[in-house]
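Q: I'm new to this one. Can you walk me through it?
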Amino acid sequence: MQDVDNGTCAASTSISTVDCSFTPPCELSLSATQTSGCNAANEVPLELTITANNEGANGFNVLVDGVISTTENYNPSGTTTVNLNLSGDGQSHTIEVQDVDDSTCSASTTTILPDCFAVCDLTNLNISTGSVTTHIIEVQDFQFFPANISITLGDIVDFQWTGAVAHTTTSDATTGVDAWDSGLLNQDASFQVTPTTLGNHPYYCTPHGAPNGVGMSGVITVVPDCNNNQVSATLTFNEANGGFGGFNVLVDGTATADSPYTYAASGSNSVNVLINGDGQNHTVEVQDVDNGTCAASTSISTVDCSFTPPCELSLSATQTSGCNAANEVPLELTITANNEGANGFNVLVDGVISTTENYNPSGTTTVNLNLSGDGQSHTIEVQDVDDSTCSASTTTILPDCFAVCDLTNLNISRFCHHPHHRSPRLPVFPCKYQHHLRRHC
């Protein structure tokens with residue numbers, strides 16, 4: 001800037017201007033997606049997606065492994081799709097798009113095509129149900145904790161010895177697949193049991209308990225692993241040259257709701273399916289979608305999801321004192337219950353209901369009962385109110401509260417040691433046979 005009247009009065013600066021002849025460069029991006037399996041000509045259909053910016057006016061070439069396959073026009077939206085069929089040879093191929101007006105404007109991708117000539121093969125099909133959970137029961141001194149547990153079929157029960165005294169875990173069952181006996185084990189030992197049948201599996205400690213819930217004992221109840229009367233099963237298998245459409249899983253000839261499934265890229269496949277829990281045998285098949293003859297099958301017997309663990313009772317009766325003023329004998333009944341009904345139990349004496357009681361939530365209920373002391377044998381029974389077939393009984397002989405106490409035939413003998421022998425191992429002589437020692441008695 002310069003003053004007109006005085007040219008020496010001036011100031012200056014500088015600026016760099018843009019190049020108005022600049023044209024934004026052409027840019028392309030490319031992706032290739034297989035759209036279906038091999039066609040009748042053993043070709044693999046691909047869909048190419050090209051995104052273009054500042055592209056030329058004359059379209060682009062598509063090159064496969066450096067050879068022009070087709071020339072296409074750009075879509076004015078900026079995104080162009082091209083369908084291309086390539087020979088399914090199982091090899092890796094490089095696909096490139098190249099602007100016609102500017103060969104330096106290009107993009108490429110590499111894809112491995114399936115082998116349309118290879119044989120589909122599904123192998124090593126296996127099926128399993130549920131997940132395994134390990135439950136811990138502590139073997140404490142003179143009790144199991146928890147003594148009674150409920151598990152699902154296939155779960156593991158791990159007995160862990162935490163008490164200072166040696167104990168066993170021994171099943172009430174003495175034979176069969178669900179019979180066990182750990183033997184006497186000490187602190188820090190462990191012993192695992194995996195029951196294989198539904199229902200109740202009572203057990204006890206040999207030195208400190210007995211079958212039928214006596215003393216140190218407990219019950220493992222096994223229930224089916226079901227959800228809405230269905231069993232979850234896991235299928236695993238290996239796949240080679242499977243079709244693009246994936247695979248269906250058929251249970252007893254019917255495809256599952258989630259079919260078809262996509263093959264895993266690794267070839268090792270795992271999928272979960274639901275099967276009716278009806279206690280029956282079911283056929284499970286894996287079938288390639290593109291080639292129905294490529295299949296593998298297996299079978300599984302599911303648990304009966306309608307199974308309800310049976311009610312079980314055990315009973316013991318103990319006299320707690322002598323005859324009372326009414327000539328009755330007080331008894332304490334101990335009832336151990338599993339899967340009992342909601343409405344309690346009846347106590348019957350010689351077939352006649354004596355009282356109705358509620359179960360203790362702990363699983364062990366005590367009832368005090370007074371019976372006439374008649375010196376006779378009586379049968380005491382406990383019977384679930386909701387299920388009369390669920391019962392337990394014991395027989396006891398009561399003392400005769402009306403009989404006269406009589407103590408007879410009382411005898412006593414005196415014994416003494418020889419005075420000159422102090423060893424406790426020497427014999428003791430009855431005084432009546434040792435007259436010369438009688439003064440020392």
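Q: Let's start with a single residue. Is aspartate 278 buried, partly exposed or exposed?
A: Aspartate 278 counts as partly exposed, because its relative accessibility is 31%. Keep in mind that this is a predicted model.

Q: Where does aspartate 278 lie?
A: In a loop. Strand 20 (268–276) is on one side of that loop and strand 21 (281–288) on the other.

Q: Which residues is aspartate 278 in contact with, leaving aside neighbours within four places in sequence?
A: Thr302, Val303 and Asp304.

Q: And how many Å apart are aspartate 278 and phenylalanine 307?
A: From C-alpha to C-alpha, 9.3 Å. In sequence, 29 residues separate aspartate 278 and phenylalanine 307.

Q: New residue. Why does threonine 221 count as buried?
A: Threonine 221 has a relative accessible area of 6%, and buried means under 20%, so threonine 221 is buried.

Q: Which strand does threonine 221 lie in?
A: Strand 16, which covers residues 214–223.

Q: What is threonine 221 in contact with, beyond four places in sequence?
A: Ile149, Ser150 and Ile151 are among its contacts. Gly199 and Asn200 also touch threonine 221. Pro309 and Asn339 are in contact with threonine 221 too.

Q: Zooming out. How many helices and strands are in the chain?
A: The chain has 0 helices and 31 strands.

Q: What about its overall dimensions?
A: The C-alpha trace spans about 160 × 80 × 50 Å along the principal axes of the chain. The radius of gyration is 45 Å, whereas a compact globule of 441 residues would have one near 22 Å.

Q: How much of the chain counts as buried?
A: Of its 441 residues, 34%. The chain exposes about 25400 Å², with 47% of that supplied by carbon and sulfur atoms.

Q: What about contacts across the sequence?
A: Take contacts between residues at least 6 apart in sequence. Of these, 59% join residues at least 24 apart.

Q: How many positive and negative charges are there?
A: The chain has 6 positive and 46 negative charges.

Q: Last topic, confidence. What is the mean pLDDT?
A: The mean is 91 for the chain, and 94% of the residues reach 70 or more.

Q: Where is confidence lowest, and where highest?
A: Lowest in strand 31 (residues 429–430), with a mean of 50. Highest in strand 13 (residues 170–171), at 98.

Q: Which residues have pLDDT under 50?
A: It stays under 50 over residues 431–441. The model has 11 contacts beyond four places in sequence for that stretch.

Technical notes:
Residues numbered from 1 in each chain as written. Predicted model: local features only at pLDDT ≥ 70, side-chain atom pairs only at ≥ 80, totals over all residues. Heavy atoms only, no water. pLDDT = per-residue confidence, 0-100. Helix = DSSP H or I, 4+ residues; strand = E, 2+ residues; numbered from the N terminus. Contact = heavy atoms within 4.5 Å. Rg over C-alpha atoms; globule rule 2.2 N^0.38 Å. Buried < 20%, exposed > 50% of the residue type's maximum accessible area, 1.4 Å probe, protein only. Areas by Shrake-Rupley, 256 points an atom, 1.4 Å probe, with all protein chains shown as cover. Lys, Arg positive; Asp, Glu negative; His and termini not counted. Charge placed at Lys NZ, Arg CZ, Asp CG, Glu CD.
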